[in-house]
Every structure is written in structure tokens, then in C-alpha cells.
Amino acid sequence: MGVQDQMASPDQKRGQSTRTVRANIAARTLRTDNWRKEPLITAAILGFFVVYTVIRLFMNADYFAVKENYLTPVYSPCISASCVEGASDFGHWLPKFPVGLPLAILVFPILAGFRTTCYYYRKAGYRSLWMSPQACAVREPHAKYTGETRFPLVVMNWHRFFFFLASILLLVNTYDAIKAFHPEGHAFGFGLGSLIMAVNVVMLWLYSLSCHACRHAVGGRINNFSKHPLRYKMWTLVSRLNPKHGNFAMASLATVILTDFYVMAVSAGWISDLRFLN
Ligand code: FES
């Protein structure tokens with residue numbers, strides 16, 4: 001036995017012996033269970049959300065219910081001079097848009113970037129769409145592995161920046177949800193849409209607070225928690241939410257789509273908002 005073999009750790013030795021005895025299997029996998037099912041379901045769900053959102057973005061219509069004061073989160077904040085009256089509480093930062101250019105041209109990339117680079121969606125996307133890896137013990141179709149070091153996957157490293165930008169949008173969404181309790185001509189009032197928007201914003205807060213980048217923002221880069229009691233408290237809270245991040249990710253995606261669809265239906269006149277007060 002050489003000096004290097006003597007110095008190798010048990011794990012290294014195990015790795016060496018695994019490499020030398022590994023069978024040369026031509027089959028992509030020896031798994032006999034239905035391992036394709038889970039990635040296919042995830043791909044179908046993600047695909048539905050992508051198609052729905054793209055259609056909504058290019059509709060450029062039915063995003064604000066005037067009487068009820070409902071603005072869909074997909075178009076918020078609406079900052080173009082093309083936005084319908086009452087939908088631009090934060091002003092017109094952009095001029096009128098030519099026909100066909102989505103009003104959410106600035107907002108959507110932030111939302112999409114935040115979700116796409118989210119650790120949970122990364123896992124889901126890598127398994128179901130990128131197929132790297134597709135499942136345990138299944139050889140992936142890619143011949144080369146470069147991780148997240150090259151375009152387009154290098155963008156995944158920007159998650160913390162998307163987190164801060166999306167946090168600004170979250171404050172705007174919170175404002176929109178409060179506004180939904182102030183219908184036109186009344187100091188206070190609410191309908192089913194107000195409740196849907198409120199639930200949506202709670203889910204978005206849970207999703208953002210449980211984010212890994214949020215956890216790092218509140219508790220990272222310090223050596224001693226005892227000198228930072230407030231940050232320790234925030235980190236403890238975020239750490240409690242963090243294990244449920246995957247659930248919040250899917251639930252908040254569903255509530256965003258539901259909110260958008262409801263606002264569209266009310267705004268387009270397909271249905272009347274169910275009013276409880278005013
Ligand atoms: S890790 Fe999912 S939003 Fe940050």
C-alpha cells in the first residue's frame with residue numbers, strides 16, 4: 001500500500017473502490033418504478049403557469065377593476081402612461097406603450113427572475129425541465145456538466161438581487177391589497193376579491209420571508225448572534241418558515257394566478273364581485 005493510500009480517509013477509500021468496481025451499464029437506469037411521473041407532473045404544472053402568464057402579459061387588458069379597486073399583482077405597479085385610469089397610484093414613470101408591448105415589461109422580469117432562480121423552483125426545474133438530474137440513479141441526457149457557471153444557468157446566482165427587487169414589489173402588492181378594501185366612493189368595504197387579494201399577499205409574504213436569501217440577509221455575515229439580538233430574532237423566525245419554503249412557493253404561485261384570474265373576470269365583466277360590504 002502506498003503512502004497516499006494510507007493517508008486516504010475511509011470515504012476516499014470507499015470512493016476509490018466504488019470507481020474500480022462500478023459496472024459499465026449501458027441502460028439509462030435500472031430503476032423499474034414509475035420515476036418519470038413526478039417530473040412530468042411538475043413540468044405540466046410549471047408549463048401551465050408559464051403559458052397562462054405569457055397570455056396574460058400580452059393581453060394588456062382587464063387588469064384593473066375600477067369600482068372595486070382591484071389591481072392584479074401581475075401588472076402591479078402599473079407605471080406606464082398607457083395604464084387605465086386609477087391603476088397608477090405610483091405615477092407614470094414610463095411613456096405610452098406601443099400596441100403589443102406588455103405593460104408589465106419591467107415588473108414581470110423581476111417576478112420571473114425571482115421565481116426562476118428560487119432554490120425550490122431550481123430543484124423543480126432541473127428535474128422536470130432541464131433534466132439534470134431527472135431522478136436519482138437515472139443518467140441525465142446532457143453529455144457535459146458545467147453547473148451554474150455559464151449562461152444561462154449562471155443567472156441562478158443572482159437570486160439575492162432578485163429577492164431585494166421582488167421585496168419592493170411585495171410592498172406594492174401589500175398596498176394593492178389594502179386598497180382593495182377601499183372601493184370607489186367608500187371609505188371602507190370589501191368583497192370576495194378583497195379577501196382573495198389579502199390571502200395572496202399573505203402567501204407572498206410567507207414565500208419571501210421563508211426565502212434562503214432572506215435568511216442570509218437577516219442572519220448572514222455575522223460571527224456572533226449574541227451581539228445582534230434583533231437579527232437573531234429575525235433569523236429564528238425566518239428559519240422556522242424556511243423548511244416550508246417549497247409549500248409557500250407553490251401555494252403563492254397558485255394564489256397569484258387565482259387573484260389575477262379573479263380580477264380579470266371582474267374587470268372584464270364576466271362575473272360580478274361578491275360584495276360583503278359596500
Ligand atoms: S429560495 Fe425560493 S424565493 Fe429565495
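**Exercise 1. Cavities**

How many cavities of 30 Å³ or more does the structure hold? Characterise each of them by volume, lining and residue class.

*Solution.* The model is a predicted one.

Step 1. Rolling a probe the size of a water molecule over the atoms shows where empty space is left. The structure holds 2 cavities of 30 Å³ or more.

Step 2. The volume of the largest cavity is about 50 Å³. Its lining consists of L71, P73, N173, D176, A177, M197, N200, V201 and T259. Helices α6 and α7 each supply at least two residues of this lining.

Step 3. Sorted by class, the lining of the largest cavity comprises 5 nonpolar, 3 polar and 1 charged residues.

Step 4. The second largest cavity has a volume of about 40 Å³. Among the residues that line this second cavity are L71, C78, F90, Y175, D176 and K179. The largest share of its lining, 4 residues, comes from α6. The classes here are 7 nonpolar, 2 polar and 3 charged residues.

**Exercise 2. Pockets**

Which residues lie nearest the centre of the largest pocket, and which lie nearest the centre of the second largest pocket? Describe the lining of each pocket.

*Solution.* 

Step 1. The largest pocket contains about 900 Å³ of space. Its lining is made of 38 residues, and V50, L111, A112, R115 and T116 lie nearest its centre.

Step 2. Assign this lining to elements. At least two residues each are supplied by α3 (37-59), α4 (107-117), α5 (119-130), α6 (159-179), α7 (192-209) and α10 (245-267). Helix α4 provides the largest share, 8 residues.

Step 3. By class, the lining of the largest pocket divides into 27 nonpolar, 9 polar and 2 charged residues.

Step 4. In the second largest pocket there is about 300 Å³ of space. This pocket is lined by 14 residues, with E38, P39, R127, Q134 and A135 nearest its centre. The elements that give two or more residues to its lining are α3 and α5. Of these, α5 gives the most, with 4 residues.

Step 5. The lining of the second largest pocket has 7 nonpolar, 3 polar and 4 charged residues.

**Exercise 3. Salt bridges**

How many salt bridges does the structure hold?

*Solution.* 

Step 1. Side chains of opposite charge can pair when their charged atoms come close. The structure holds 5 salt bridges.

Step 2. D33 forms a salt bridge with R31, at 2.7 Å from N to O. D33 has a relative accessible area of 41% and is therefore partly exposed. R31 is likewise partly exposed, with a relative accessible area of 30%.

Step 3. The side chains of R56 and D260 also meet in a salt bridge, at 2.7 Å from N to O. Because R56 lies in helix α3 and D260 in helix α10, this pair ties together parts that are 204 residues apart in sequence. Both R56 and D260 are buried.

Step 4. R122 and E148 pair through their side chains at 2.9 Å, N to O. This pair links distant parts of the chain: R122 belongs to helix α5 and E148 to the loop between α5 and α6, 26 residues apart.

Step 5. The cut-off for buried is under 20% relative accessible area. R122, with a relative accessible area of 11%, is therefore buried. E148, at 24% relative accessibility, counts as partly exposed.

**Exercise 4. A nonpolar patch**

Which residues form a nonpolar patch on the surface? Locate the patch among the elements.

*Solution.* 

Step 1. The patch is formed by F188, L192, L195, L274, F276 and L277, which together have about 510 Å² of accessible area.

Step 2. Helix α7 and strand β4 (275-277) each supply at least two residues of the patch.

Step 3. F188 sits in the loop between α6 and β3 (190-191). With a relative accessible area of 41%, F188 is partly exposed.

Key: Residues numbered from 1 in each chain as written. Predicted model: local features only at pLDDT ≥ 70, side-chain atom pairs only at ≥ 80, totals over all residues. Heavy atoms only, no water. 1 Å grid on protein atoms, 1.4 Å probe; cavity = no way out; pocket = protein on both sides within 12 Å on 5 of 7 lines; lining within 4 Å. Points joined across faces, edges and corners; volume = space filled by probe spheres on them. Nonpolar A, V, L, I, M, F, W, Y, C, P; charged D, E, K, R; others polar. Salt bridge = Lys/Arg side-chain N within 4 Å of Asp/Glu carboxyl O. Buried < 20%, exposed > 50% of the residue type's maximum accessible area, 1.4 Å probe, protein only. Patch = residues over 30% accessible without salt bridge, like charges linked within 9 Å, V, L, I, M, F, W, Y side chains within 5 Å. Areas by Shrake-Rupley, 256 points an atom, 1.4 Å probe, with all protein chains shown as cover.
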